[in-house]
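Walk through this structure with me, one element at a time. Keep the sequence at hand as you go.

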Amino acid sequence: MAAYKTVGFIGLGVMGEPICRNLVNKSGKRIIAFDLSPDPLARLGAEGAEIAGNAADVIKQADLLFLCLPSAKHVRAVFEGDGILKNIRRGQVVVDLGTSSVSQTRDFARQLQEKDAFWADAPIARTRQAAQDGTLSVMVGATPALYADIEPLIRCFATDVTRCGAVGAGQVTKILNNMVLFETVNALAEAVAVARHSGVDPRLLLDTLSKGSADSFALRNHGIKAIVPGAFPERAFSTEYALKDLSYALELAADAGIRIRGAELIGQVLREAIDAGSGGAYFPVIAKLIDRG
């Protein structure tokens, strides 16, 4: 591992806080963190993280900087102004853990390269519980040498780490992962609705499907744990975030000259759920919309 003595972390939300906690507990590095919310800062400060007054303070002190932010817009806000581009140093590394625009990712990497600094995309997959347990899956876009340097730190919070290719490849892979997930959850929601209205218990349906060719991670987690009991909490992966990620997939497809009709359909469903007031709820809430017909 490269000699990253100080690791910075910006973004302590639903996933960022437990990821940062795993770095504090496992990395053996000095961790300095910042978030706009004081509560996760207080919790992590009590566990050994140093707390910065603003994002620029983290950037100036970190040898390697993790970002765990909600969207490309938030990443750009930290990149510009009194942020990454202004304060970056030669040899410094930025690792973006969020799901973000591929074109923006590659543009930021190019701008840092001009300053002899490095950008890696390493979007995370799996659940909040996986973030707490340190069992996330991470898809990395970076040179082989940079990947070798940052992988040990990523393994503080992930059990599956895959180098997908050059910068941007991690984002492409994660975006397509989410596209497939959203379409699968839509199919599960449709199956549950039809089963319920046809006299078959939805839990029995999904338990049975889990024993055959329709089994999936989405079925066992989003289907059985969310759709069947109707558990769609706030502060989980929201419908608005799902539509944001899907928009990146549609952008990639448009750039490739490919029409992805299934993704277009789930985009319409997500928009309808948001319009119905479920934008902040866990995205399998689309099941409520589908069940109403």
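Helix H13 spans residues 261-278, and in this predicted model its buried residues are Ala263, Ile266, Gly267, Val269, Leu270, Ala273 and Ser278. Look down the axis of H13. The buried residues fall within an arc of 165°, so they line one face of the helix. What does that buried side pack against? The partners are three helices: H9 (169-197), H12 (239-256) and H14 (286-292). Now turn to the face of H13 that points away from the buried side. Arg261 and Asp275 sit there, and both are exposed.

Next, go to the loop between helix H11 (217-227) and H12. Ser238 lies in this loop. Is Ser238 buried or exposed? Its relative accessible area is 7%. The cut-off for buried is under 20%, so Ser238 counts as buried. Set aside the neighbours within four places in sequence. Ser238 is then in contact with Gly279, Gly280, Ala281, Tyr282 and Phe283.

Finally, move to helices H1 and H2. H1 covers residues 16-26 and H2 covers residues 38-46. They pack at an angle of about 15°, and their axes are 11 Å apart. Angles under 35 degrees count as roughly parallel, so H1 is roughly parallel to H2. The crossing of H1 past H2 is right-handed. Which residues make the contact? H1 supplies Glu17, Cys20 and Arg21, while H2 supplies Pro40, Arg43 and Leu44. Sorted by class, this contact has three nonpolar residues, three charged residues and no polar ones.

Technical notes. Residues numbered from 1 in each chain as written. Predicted model: local features only at pLDDT ≥ 70, side-chain atom pairs only at ≥ 80, totals over all residues. Heavy atoms only, no water. Axes fitted to C-alpha atoms, helices over the stretch in contact; angles between N-to-C directions. Helix = DSSP H or I, 4+ residues; strand = E, 2+ residues; numbered from the N terminus. Parallel < 35°, antiparallel > 145°, perpendicular 65-115°, else oblique. Left-handed = near helix turned anticlockwise from the far one by under 90°. Contact = heavy atoms within 4.5 Å. Nonpolar A, V, L, I, M, F, W, Y, C, P; charged D, E, K, R; others polar. Buried < 20%, exposed > 50% of the residue type's maximum accessible area, 1.4 Å probe, protein only. Arc of directions from axis to C-beta.
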